[in-house]
Amino acid sequence: MTFAERMLRIDRRIIFLLIGACTLIPLLFPMGLAIKTSPEVTSVYDYIEHMPEGSVFLLSLDFDPASKPELYPQAVALLHHAFTRNLRVIGMTLWLPGTGMANEVITHVAQERGKVNGKDYVFLGWSPGGGSVIINMGQSISTAFPTDYYNQPTASLPVLEGVQSLRDVQYVVSLAAGTTGIETWYVFGKDKYKFELGGGCTGVIAPGLYPLLRSGQINGLIGGLRGAAEYEVLIGRKGRAVAGMDAQSVTHLAIIVLVILCNVFYLTIRRSTRGGGQASPAGN
Amino acid sequence: MNFFRRRLPLLITFVTGVLFALQYYVPHPVSESMLTSVTKWLQIIGGFALVLGVTSLFHLHAVKIRRKEPGWGYSFVLYAGMIGTIAVGLWHNGKETVDNVTTAFGWIYNFMMVPLQGTMFAILAFFIASAAYRSFRARSPEAAVLLIAAIIVMMGRVPLGEHLIPLSGDLTQWILNVLNASVRRAILIGVSLGAIALSLKIIFGVERAYLGGGKE
Amino acid sequence: MTATGRTMLAFALLAPLAAQAGERLAPPQELQVFDTPNDGGNSLTVTWAPAPHDGPGTRYLVMVGEAGPPTGTSPSLAGMTVIADFPSDSHYVRDARTPWWSRSVPKTHHQYEIKRGRGNGNGVKDGTSYAVVVSAVRGHESMMAPALQSVPQPNWFNWNELNNLAIVVLFGLVVFGSIQVARKREIFLRRIAGLDAVDEAIGRSTELGKPILYLTGAGDMSEPSTIAAAVILGRVAKRVAAYETELMVPHRDPIVMAVCQEITKQSYLEAGKPDAFKEDSNFFITTDQFSYTAAVDGIMLRKKPAANFFMGSYFAESLLLTETGASTGAIQIAGTDSDHQLPFFVTTCDYTLIGEELYAASAYLSREPVQLGTLRGQDIGKAVVLGMLGIGTALATLSVMTGLDVSIVLDLFKDLK
């Protein structure tokens, strides 16, 4: 077996070890590379930046613990921005497994910012139904969520004063890991109740949301850990996302090098088999 | 029996399907309140579906334990986990924290569910690398183009890549906003037409596979 | 700059203002107040013609009062509230983006919608008569149009969506028409290359004496991809029954499991091997995404099936399943309409049915008129959309180049509310 053939058949555990090292080492020894911001993330930032004080901002954390590494930093950055702008924040989730995490992030950031539950923000929790919840909120938020996560009646909360339905919400951002998510908020929410909608999502589904972005159905898109890092840079508060970008950078580079190497070995074998008139290279 | 298993569900599907398809075009408050009532029903049924899911899981594993099928010990583990989590959750009223103190339910959520789910998703990163090494080969000109585009986007989406090749960031934006968006739009149109066709077939009773029971 | 140049520059800058200042302020003309059409009520619309004095320095005020003075008389402002105050070169009919068939005034007219807005607290109630006054204001000067009255009402049909309804009805007729045609005569469908791969995979499993693993995806029976997966399962089960190979079909949805169980049983019956059918070949694992994935990965590593089929819709678990399957050396065939998972399937599977190839494969196998007709109807729909794209792009380009107003055609293709 030639060297190229041996390399193409390499034990996948060596690749796993390499990726593990590429992820771990930059986390321990950060590089601190500059992060360029993209128009799609800047759109979300600009919209929140120009919202008057006291405006209502709804953040729907539609993800489960599996997507925490990518979407949790997005939530932290957005909440810091919203609280800095003194917006009235409504938090909720359409994904049951994410309820605890959603409550944790809102409470934690609110406490850091000195915000009071019920007065500056509210966490509504989870309700079954996905799109049905959005439709009900479009008619009446207090009917869809008679009490918040802490069993306080929503109709009497100061933060929801004058906010009868989704028509009274200025901006909704859905941080989504799949279905139910941004598309659900658009179809059952923005299309009917005419609020502005932004999105945040995992890196793998971000390319699929570009048609919505290009047509103006969502005004901005924060895609994956990179999007979270850009948002952290914009609000001037570097956190886990920026820290994670070094690891992601090195890992991407490692994968690129692996792919280039595998093609070099593959072409080497193909050339030698064509020369020798033998069967095509093994290993897929 | 055939009336209740077949005809009645088809009739309900037809009436409600036509009604709520037309509801979209009727802005009158009567139409809106009808929609709100039905969505409340959907939420109630959605809550019941949770109970159904748990009950069916219990039943399935009870049979496994009773028959001592291979792996029945794991069914005991499942029972212990489910009953334990439900009991603890009910005890703390479903709250992970009370007055900033983590409850036992919160402990299970934070130290078992979150790491386990995170681990499964994190494995993807390693699998992507090994799959890429095994399969990303320029076997044909089309595969070569795909490979080059993939490398450009991988470079352009990370700071190190943009630092090494500054053009990769702009190229990545162009690929995502122009090439990717137009192709995704085409796929979306195709999928949406398929969804509309299927919905119309279900409403008018032409498609009945969702009723279960195989062919008639 | 020379003195002459400075004079000319000053003239160029000041001339429009001078001209505007020279234009006499006049009351808004062609004023109309009516119930806002195509909405759920609690809204009035006010329109009036553009005026020569429109420009910087001039503003419009809109005032509303309940049960105000009778129409056409000089208005008394008692009880009227200013609800809008905006520059005179803003708020046009064209800003509202309504289609031409639901517009009653030209696009160049001014328009303001009186409704309960976001936090502004203003609003009008259905069934109550309101008087509306519009005034043009410049500095201390103002000119008011006579008050007009109207009553807001909810509407029973949103005429803005007429094109949407027409397209849906038309598409539905095309689909049902195609199904009828498929019932009467044969519709040509090219052979789907992936189906050869299916037969090859089943043959390989039989030779090796190893089981076949078939997954139907994450969706329920209302999704087209799950229906297609179930149909292909029928074909696979028939071959498997003939060769007496073991078949394993783990499920995430109990209803899908019940349907697939019937399909498998039927296939064994048609293959003449009813006794070989095993009730537990179709089994339910769990609905949770990663729990299901972990369980199936475990099955793959323990049972080492020779062929894995991934048909239906998938999410993040796709790569976990296929990469584990690849590590066991199985031949893998996937078919999905989940475009975000396609890259993972394409790189890790030996053959992938992409998007509508999955629906086409199931239609090809079943030869059911419903499936064939639907496919044909969708193809016609896509051809129409392509045509609309071509015509719309050409017309929009022509409009930009020549200034021609082509909205009469383009509005038909738009989604306007």
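**Salt bridges up close**

**View 1. Glu230(A) and Arg226(A) pair up through their side chains in a salt bridge, with 2.9 Å from N to O.** The model shown here is predicted. Both partners sit in helix α10 of chain A, four residues apart, which means that about one helical turn separates them. Glu230(A) is buried, and Arg226(A) is buried too. Look around this pair and you will find a network: salt bridges with shared partners link Glu230(A) and Arg226(A) with Lys36(A) and Glu162(B).

**View 2. Arg237(A) and Glu112(A) form a salt bridge, and their closest N and O atoms lie 2.5 Å apart.** Here Arg237(A) comes from the loop between α10 (224-235) and α11 (240-276) of chain A, while Glu112(A) belongs to helix α5 (residues 99-112) of chain A, so this contact ties together parts 125 residues apart in sequence. Arg237(A) is partly exposed, at a relative accessible area of 33%. Glu112(A) is partly exposed as well, with a value of 44%.

**View 3. Lys119(A) meets Asp120(A) in a salt bridge, with 3.9 Å between the closest N and O atoms.**

**View 4. Stepping back, the count over all chains comes to 21 salt bridges.** Among them are the pairs Glu230(A) with Arg226(A), Arg237(A) with Glu112(A), and Asp120(A) with Lys119(A).

Technical notes. Residues are numbered from 1 along each chain as its sequence is written. Chains are lettered from A and ligands numbered from 1 in the order in which they are written. This is a predicted model: local features need pLDDT of at least 70, side-chain atom pairs count only at pLDDT 80 or more; totals for chains, interfaces and linings use all residues. Side-chain values use heavy atoms; hydrogens and water are left out. A salt bridge is a side-chain nitrogen of Lys or Arg within 4 Å of a carboxyl oxygen of Asp or Glu. Helices (H or I, at least four residues) and strands (E, at least two) are DSSP runs, numbered from the N terminus. Buried means under 20% relative accessible area, exposed over 50%, partly exposed in between (1.4 Å probe, protein chains only).
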